[in-house]
Amino acid sequence: MCGIVGYVGPRPSEGILLSGLARLEYRGYDSAGIAVIDADGTLGMRKRAGKLSVLRDDLDRAPLADGTTGIGHTRWATHGGPTDQNAHPHLADGGKLAVIHNGIIENFAALKAELVAGGAEFLSETDTEVAAVLLAREYHAHGDDLEAAFRATVRRLEGAFTLLALHEEHPGLVVGARRNSPLVIGLGEGENFLGSDVAAFVEHTRHALAIGQDQIVAITPEGVRVTDFDGAEVGVEPFEVTWDAAAAEKGGWSSFMAKEVSEEPDAVANTIRGRFHDDAVAIPELEGMDAVFAGIHRIIVVACGTASYAGQVGKYALEQWSRVPVDVELAHEFRYRDPVLDSSTLVVSISQSGETMDTLMAVKYARERGAATLSICNTQGATIPRESDAVVYTHAGPEVAVASTKAFVAQITALYLLALHIGRVRGALSAQDSARAVAELEAVPGKIQWILDNEQERTAHLARWMADTRSVLFLGRHVGFPIALEGALKLKEISYIHAEGFAAGELKHGPIALIEPGQPVFVIVPSPVHSAMLHDKVVSNIQEIRARGARVIVIAEEGDAAVLPFADEVLHIPLAGPAFEPLLAVVPLHIFAMGLAEAKGLDVDQPRNLAKSVTVE
Ligand code: F6R
């Protein structure tokens, strides 16, 4: 939450900061601001409530003086509502010092009381301004040494934070710090960048450095210095960004979400590419983990939101192919219930951003208690993979729309690869069964493309037709259950209507009371291939709700004639079989949610109250 960008170099910084913020706006979009040290060495600052476009318009009307050192921020409010005053940057030291922040400073009230007692005054309700005022005090206490003052300041802060600061007496210097919140460095020629993630600077450089926990960075045009909070220099890991700026552009699509749904086939294809050898899974990143896989007695998957539904789908594959018992837990519930963990437990975290605070805390907790940790992540250089023993990257490419789509199918794909690999390592899966599963997985991208080519328009039409619907229910069974949950979440998230996902078998235990004439219900029909029993049970469920007046929209594999008599609408997906159906069945649900939100005239990429990367607990 909150996007942060910093720049030092020879070029005017305003445009660089604004285009960096545009790429980070998915992280928060309730206010935005920049601070720039101009050529005369004066700090100029502008911040406005509302989306970045409000700030841009303001700067177009009354530009700041040009300067080549600057910081920028796009906010997702925590302390204090989304007002001009609470927007970042926050100034101190008579307007000479500017600070931006992502995270929550948990001891801000005590610090504020201390500063107020010393005569300080505050203009905003934010915890960030407390850090700014504290930094100004330390600046004078440390003989106007910005870096020393910054170190002294961050040592006093508790909680999670990425902080950037500049002072007009130090043009050409931006200092930053991170604790449990993201910050990466971009290395240019005679210029350097800081960003919440690489999107902030990828149009200028793909050379990046990942900063570790509790580290401080100082960037100047000439170089980068990274230290710990006490000032001791530390080594940092370089990495190359594998995608270019064009990958994070809309490229003619009506929304990022539309583009990202269209990329679902590629997300699966790129996640499996280079990970098969002789019909068997071979994941180079997992070299060295086989002894762990051979010795585990249990797998716990931790994640939040859509990523947790990917985990629920993955559970079926992990148990089926590796025969290791699997629990899937919401990261925030797992972390605070004193779970039983030891070295025979593998904790698999799933996170598109790699920065979700709840998931990060769960991983750290598991590690501290001796469990092996493995992360499935879509973002290079992110914190969660860095805190884990091993990582399997999903190669979905940058996901910008707040609602996760292509990352979801990539996460399931990575879990399937992992399940096949662990199954082979433990001798639970035959080479023949593994080869068969590999072949089926390789066929998935083409099948998703078939849905996009053949069912997208009809699904979008259905969504437009249902634009006034007030409530939609989703039913699924077995691997279809998490898909029902995902369908409901996506609809709530971007179209703001009531939606619930249920296990079809649970229907008679309560939810069926919700059915009244005309109630739309999506039913994910299990594959008729190899699972006739499950399939027939869901067909019975359909009849039960239809008898009570529900309007039934089924998602069924092609050729599944048994459901046709009982469905008001059928959205077809190619034949897939039970294991692979979720990767297909979710696609019409993504299209439907997007179509309905568009029909309501809503911003599908930036739904209200949300942010892409949830970096506070
Ligand atoms: C829903 C959605 C969220 C995320 C969740 C975890 O569309 O995007 O539910 O899935 O916040 O985010 P990551 O995967 O970044 O940890």
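**Starting at β2**

Select β2 and β4: they run antiparallel and are joined by 8 bridges. Helices (H or I, at least four residues) and strands (E, at least two) are DSSP runs, numbered from the N terminus, and two strands pair if DSSP finds at least two bridges between them. This is a predicted model, in which local features need pLDDT of at least 70, side-chain atom pairs count only at pLDDT 80 or more, and totals for chains, interfaces and linings use all residues. Residues are numbered from 1 along each chain as its sequence is written, and side-chain values use heavy atoms, with hydrogens and water left out.

Stay on S31, which stands opposite R75 in β4 and opposite A49 in β3. β2 pairs with β3 in the antiparallel sense over 7 bridges. Their hairpin has 4 residues between the strands, and G41 there takes a positive phi near 80°.

Now colour β2 by accessibility. Buried means under 20% relative accessible area, exposed over 50%, partly exposed in between (1.4 Å probe, protein chains only). Because 8 of the 8 residues of β2 are buried, the strand is largely enclosed by the rest of the structure. In a regular strand the side chains alternate between the two faces of the sheet. In β2, one side carries S31, G33, A35 and I37 and the other A32, I34, V36 and D38, all buried.

**The sheet around it**

Next, select the open sheet of 6 strands, in the order β5-β6-β7-β8-β12-β13, with antiparallel pairing. At its edges are β5 (90-92) and β13 (224-228), each pairing on one side only. Between β6 (residues 97-105) and β7 (residues 159-167) there are 9 bridges, and I100 stands opposite L164 in β7.

**Two helices**

Go to α14 (residues 431-454), whose 24 residues reach 35 Å from first C-alpha to last, close to the 34 Å expected at 1.5 Å a residue (the expected span is 1.5 Å times one less than the number of residues). Zoom in on V444, where a kink of about 35° lies shortly before the proline P445; the bend is the angle between axes fitted to the seven residues ending there and the seven starting there. Buried residues of α14 include V444, P445 and I448.

In α16 (residues 480-495), 13 of the 16 residues are buried. The following residue, Y496, has a positive phi near 60°.

**Cores**

Finish with the largest nonpolar core, of 122 residues. A nonpolar core is a set of buried Ala, Val, Leu, Ile, Met, Phe, Trp, Tyr and Cys residues joined through side-chain atoms within 4.5 Å. L346 is among those with the most contacts inside this core. Leaving aside neighbours within four places in sequence, L346 is in contact with residues including M289, F293, I299 and L374. A second, separate core of 30 residues includes V133, L134, V154 and F229.

How values were computed:
Contact = heavy atoms within 4.5 Å.
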